[in-house]
Amino acid sequence: MPWCNCCCLGRRRQQQQQHPDDSAPSATAPSGNPRNKVALRPGHSLMDWIRLGNSGKDLTGVGGVPRDVPASELAKHNRQDDAWLAVKGRVYNVTHYMDFHPGGVEELMRGVGKDATSLFNQVHAWVNYESILQKCMVGPLRGGLLFSASKPMQPLTQLLFGKKGEKADMPPPPAKAIEYNPSGTPSLSSAVAPKPSNPRLDWFQQLGAVTLVLYARQVSRIPGKLPPWVRVTLDDGGTKVSILVCNVGGEPGLTYEARLELSAPVMWPCTAVRVHPDSGKVEVTFKKATDVIWKTFGIPDEAHGVISQDVQAESEFWPVHLVEETQVNHNSKVLQFKFSTRVCFTVPVGHHFRVQKDIQGVIVARSYTPIVPSLKSYLYDCDSIYLMVKSYPDGALSSALCNLEIEQKGFEVSRPVGNFDARCLSDASRLCLIAAGTGITPMVRVILHVLADSRKYCKLVKLAFFNKTEKDILWKEQFSSLSQEDERFHVQHILSEASDDWSGTRGRIRTDIIESLLIEKEGLSVTDALKQEPTFFCVCGPTPFTETTKRLLDEIKVPKSQYHCFLG
């Protein structure tokens, strides 16, 4: 993608040519670090680009006055010193952006002189190019489809319930909503898809607590299905609840929303939100504001029970603020955020958030995989998010995150994003994890998810953790303690720039290290080892590291169904 801020193919090619087996983790996704960047010259970081855009310099080349651009004129601006390209109906002059592009000039030139929308969508359609290139916009592409910028989301409590407890006007249903008439015949909008079953609502209570239960559709364990996740909101009065279930029945983006008015107020946050991926069952528990037995849970809102294909996924962000930070090593921290409104999410194992901030007029966003407070604390508050963030000198967002003050606001997070289904781990008696740098973040919950399984079906969890130096190792002591507490867990540290006194493994990702995760008896082949124990691999690190590992797994004949590579 010509303007990706996070993961660019240009640097991927360059790094693979220089270090085809590079495991030194300069960054990783979805842990939020700027992956696959070329070595930019001093003075060409993202912050330098933002400063240039605010300097008053004309970056459009046309005096800053928008003008229609026919395709024939766009095609003429196809040189490095005169470079225009179009994305989603808008034409941008990227001449001045060449030396600032993290993927390098060559990658950016792929889209110059033409409509590069399809090229953009191939890699990272979520990148906020409108914000990054706003000072470079020449004007609309004549004959092209002009996409307006996303509008800021209203707080959900205002959208659903209005201000000061008044009823708000409900927005019209999304264009892709699946609606049914009273006879049960699908409407035209749903004619192309089978009718989804409507989740059943139930409830039960104790003196001081109430649990709302939604029985959504069973999630099939087949490729293309996604695990469900849940978003819960509560109004300031403590009686109006929204429970949004996404990926109903495993169908990506298919949502069901229960909107309820409770008999009496409940406390925030929820005391528990449980999702059962196979059955689709969802349980949301609240502490009652007053210890009393209810006669009924309440009544459904008039907008209760909407099933729709979610059209707000890319634009829905929620404000958060920092409540606590913990230094992990010389350049990394664990940051605890809480939502600034009454909202909480369940995050499937292996999924991540998009974190964004307006920095001097430019929306900068990165992906971060939520972790747990520590390897000794698997559970945490429903309305908290824990992120492990590595700070980079030129990292606009990572530096801003690592320099936050307690209670400071200004950041927003998206809903959960990802395509990993942790149920694929349930049939593996051996789990092999290969991580580099902050690529460890998705592995944290994978490890705890498997070890916490009461069936103890997984007999062995092996982690090969690659870093540059010993001081770069994240949670070294915690992983060591975990290996002592649970004999099923083993960790091996591999350093690419180890000191002379390092007695452990050295080097980069290679075949013999992967085979050592599999083969425990001398003379045993990889094929035989895979047959003896059902095995699953998880891989995460900088893109060159991940791609090299994937190639090595293919070379030793590990079936594609038995490994997953986490990518940004």
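Here are some worked exercises on the predicted model shown above.

**Exercise 1. The chain as a whole**

Task: Find how many helices and strands the protein chain has, and what share of its residues count as buried.

Solution: 
- Step 1. Start with the secondary structure: the protein chain contains 13 helices and 26 strands.
- Step 2. Turn to burial, where 54% of the 568 residues count as buried.
- Step 3. Finish with the contacts. Taking those between residues at least 6 apart in sequence, 72% join residues at least 24 apart.

**Exercise 2. The partners of β14**

Task: Work out which strands pair with β14, and in what sense.

Solution: 
- Step 1. Take β14 (residues 317-327) and look at β20 (residues 411-414): the two pair in the antiparallel sense over four bridges. As a landmark, Pro 319 has Glu 412 in β20 as its bridge partner.
- Step 2. Now look at β15 (residues 332-339), which pairs with β14 over seven bridges, again in the antiparallel sense. Here Thr 326 stands opposite Val 334 of β15.
- Step 3. Glu 325 and Lys 333 form a salt bridge whose closest N and O atoms are 3.4 Å apart.
- Step 4. Compare each accessibility with the limits, where under 20% is buried and over 50% is exposed. Glu 325 counts as partly exposed because its relative accessibility is 33%, while Lys 333, at 13%, counts as buried.

**Exercise 3. A glutamate in a strand**

Task: Decide whether Glu 283 is buried or exposed, and find the polar partner of its side chain.

Solution: 
- Step 1. Locate the residue: Glu 283 sits in strand β11 (residues 281-287).
- Step 2. Its relative accessible area is 11%, so Glu 283 is buried.
- Step 3. Search for polar atoms. The side chain of Glu 283 makes a polar contact with the side chain of His 276 at 3.0 Å.
- Step 4. Widen the view, leaving aside neighbours within four places in sequence. Glu 283 then contacts several residues, including Phe 204, Leu 212, Val 273 and Arg 274.

**Exercise 4. A salt bridge between strands**

Task: Explain what the salt bridge between Arg 231 and Glu 257 ties together.

Solution: 
- Step 1. Inspect the geometry: the closest N and O atoms of Arg 231 and Glu 257 are 3.8 Å apart.
- Step 2. Arg 231 lies in β7 (residues 229-234) and Glu 257 in β9 (residues 254-262), so the pair ties together parts that are 26 residues apart in sequence.
- Step 3. Check burial: both Arg 231 and Glu 257 are buried.
- Step 4. In total, the structure holds 21 salt bridges.

**Exercise 5. A loop and its surroundings**

Task: Describe where Thr 469 is found and what it contacts.

Solution: 
- Step 1. Thr 469 is in the loop between β22 (460-467) and α10 (476-485).
- Step 2. Its side chain makes a polar contact of 2.8 Å with the side chain of Asp 472.
- Step 3. Leaving aside neighbours within four places in sequence, Thr 469 is in contact with Leu 495 and Glu 497. The C-alpha atoms of Thr 469 and Ser 496 are separated by 6.9 Å, although these residues are 27 apart along the chain.
- Step 4. Consider one more pair: Lys 476 forms a salt bridge with Glu 470, with the closest N and O atoms 2.5 Å apart. Lys 476 is partly exposed at 25% relative accessibility, and Glu 470 is partly exposed at 36%.

Methods: Residues numbered from 1 in each chain as written. Predicted model: local features only at pLDDT ≥ 70, side-chain atom pairs only at ≥ 80, totals over all residues. Heavy atoms only, no water. Pairing = 2+ DSSP bridges. Contact = heavy atoms within 4.5 Å. Polar contact = N/O pair within 3.5 Å; in protein donor to acceptor, adjacent residues only side chain to side chain. Buried < 20%, exposed > 50% of the residue type's maximum accessible area, 1.4 Å probe, protein only. Salt bridge = Lys/Arg side-chain N within 4 Å of Asp/Glu carboxyl O.
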